[in-house]
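Welcome to a short tour of one structure.

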Amino acid sequence: MRVLAEPSALAHHQSKPSPRRNFSHLSLAYAYSVQLKTDLYIDGKWVKGEKTLPVHNPATNEVIAEVQLAGDKECEAAVTAAHNAFPSWAKTAPRVRAEILRKAFELMVAESDHIAKIISMENGKVLSDAKGEVAYAAEFFRWFSEEAVRTPGDFRTAPSGDKRILVTHQPIGVSLLITPWNFPAAMATRKIGPAIAAGCTMILKPASETPLTALWIVDILERAGVPKGVVNLILPSKTGEQISKMLHDPRVRNLSFTGSTEVGKTKHQTFEVPFHSERQSKISADYHGKSIDKLNPNSALANAKRYPQTGLGG
């Protein structure tokens, strides 16, 4: 762990600060006081990468922490770990998977203030909005803990009358989960939750602007009892090239992407088309580009500020 905040530097803010400087003071002080996870998480271990990336507070542009970036070796290790863990995890009793998700929900609720402060530091949301996101994000773990034991199926008589049709659902396999910066907690849990409930293993790739929230959530999952290799987290140093390589790996069977329309179009042409056509693998994509807010210069801010948080998308 490397957190860039020194007590001596914080001591310089004893005089009455401006609101901007006070925000900086609080964020750096908090970053120094907690044990932020900054390593990659692969095969149940926190590991170093090939280099580091600074994470900035968007309100002040100050560095909160430096996180590890994955090279080719680490990306390959994450795919291998998820692939090796899949057979046993897929056979794990749904009740066991459900209890892990329930424990993760309880830990998120208990640590909601900490997570909200991390979101506010790296994403820039006001603390009240960040707390709302944490509550929303935790609910995905609770919801899918309850759904894990209710995997649906079907049994019926064929139209011919001489056969029986049985429909079952099975986990698809290794899933690559790519999340955006705007909801760093909720976009992670809404992908991780159903994957764990179904019995899939996964590689989480959070946005490079907001990785600290995802790292904290993965730490919660580890403490909740997720076996090694089931959840892996990487931040590729060469994002496009390394993501493309993973999607062309036959061991990766599912892609779930949430991000901007611009990035999504590029990704679709470069990654998704060959990914799907080569192996008929599953793709889920959510391209954000709606719910744009435009404020007339003559508008009253007191009225306008009530509406953006209720918009759809991001």
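## The second largest pocket

How much space lies in the second largest pocket? The answer is about 660 Å³, a volume being the space filled by probe spheres set on grid points that are joined across faces, edges and corners. Here a pocket is an open set of points on a 1 Å grid over the protein atoms alone, where a 1.4 Å probe fits, with protein on both sides within 12 Å along at least five of seven lines. Lining residues have an atom within 4 Å of a point.

This is a predicted model, in which local features need pLDDT of at least 70 and side-chain atom pairs count only at pLDDT 80 or more, while totals for chains, interfaces and linings use all residues. Residues are numbered from 1 along each chain as its sequence is written, and side-chain values use heavy atoms, leaving out hydrogens and water.

The lining has 27 residues, and Pro194, Ala195, Ala197, Ala198 and Cys200 lie nearest the centre. Helix α7 contributes the most, 6 residues. By type, the lining divides into 13 nonpolar, 8 polar and 6 charged residues (Ala, Val, Leu, Ile, Met, Phe, Trp, Tyr, Cys and Pro are nonpolar, Asp, Glu, Lys and Arg charged, and the others, Gly among them, polar).

Helices are DSSP runs of H or I with at least four residues, numbered from the N terminus.

Buried means under 20% relative accessible area, exposed over 50%, and partly exposed in between (1.4 Å probe, protein chains only). Trp216 and Asp219 are among the buried residues of α8. Just after the helix, Gly225 has a positive phi of about 110°.

## Salt bridges

The whole structure holds 13 salt bridges, each a side-chain nitrogen of Lys or Arg within 4 Å of a carboxyl oxygen of Asp or Glu. In α8, Arg223 and Asp219 are 4 residues apart, about one helical turn, and their side chains meet at 3.1 Å, N to O. Arg223 is partly exposed at 38%, whereas Asp219 is buried at 12%.

How values were computed:
Helix = DSSP H or I, 4+ residues; strand = E, 2+ residues; numbered from the N terminus.
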